[in-house]
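Reader: I want to learn how to read salt bridges in a model. Walk me through the case shown here.

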Amino acid sequence: MQTETVGSFSLDDNVWQGVMLTDSAAKQVKNLMEQDPEVKGLQLSVKQSGCAGFGYVLDLTKQPASDDLVFEHDGALLFVPLKAMPFIDGTEVDFVREGLNQIFKFNNPKAQHACGCGESFGL
């Protein structure tokens, strides 16, 4: 069996810390799930983006992919594609108010730097 790699990370290691939702993030995910009964949860992935290298992508998902890892907190479901794990393993997802804005925030221990606007991160 051939080992699949992303960058210098092996996807076959399967030793993941996971991705955690704070109470506030879980509450917001459940609110989003309740607005549409077909929504199964929130998917967190990454894409090459921005000046720092990678950006977070959040989408409501009605049909998780077969290779998505599932993380649950207080009934809220977070789906993460296996290929994203080397970049976001150990990340804490929070939902915060900043003035009049509400936003998901990511505390990613793998991120070594972020761009000035906060939209992308690098490893």
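This is a predicted model: local features need pLDDT of at least 70, side-chain atom pairs count only at pLDDT 80 or more; totals for chains, interfaces and linings use all residues.

Reader: What is a salt bridge?

Author: Side chains of opposite charge can pair when their charged atoms come close. The cut-off: a side-chain nitrogen of Lys or Arg within 4 Å of a carboxyl oxygen of Asp or Glu. By this rule the count is four salt bridges.

Reader: Where do Lys62 and Asp36 lie?

Author: Lys62 is in the loop between β5 (53-61) and β6 (68-73), and Asp36 is in the loop between α1 (23-35) and β4 (41-49), so the pair ties together parts 26 residues apart in sequence. Helices (H or I, at least four residues) and strands (E, at least two) are DSSP runs, numbered from the N terminus.

Reader: Which residues are linked with Lys62 in a network of salt bridges?

Author: Asp36 and Glu38. For Lys62 and Glu38, the closest N and O atoms are 3.8 Å apart.

Reader: How do I read accessibility?

Author: Buried means under 20% relative accessible area, exposed over 50%, partly exposed in between (1.4 Å probe, protein chains only). Lys62 is partly exposed at 42%. Asp36 is partly exposed at 24%.

Reader: Which residue forms a salt bridge with Lys105?

Author: Glu98, with the closest N and O atoms 2.8 Å apart. Lys105 is partly exposed at 35%, and Glu98 is partly exposed at 39%.

Methods: Residues are numbered from 1 along each chain as its sequence is written. Side-chain values use heavy atoms; hydrogens and water are left out.
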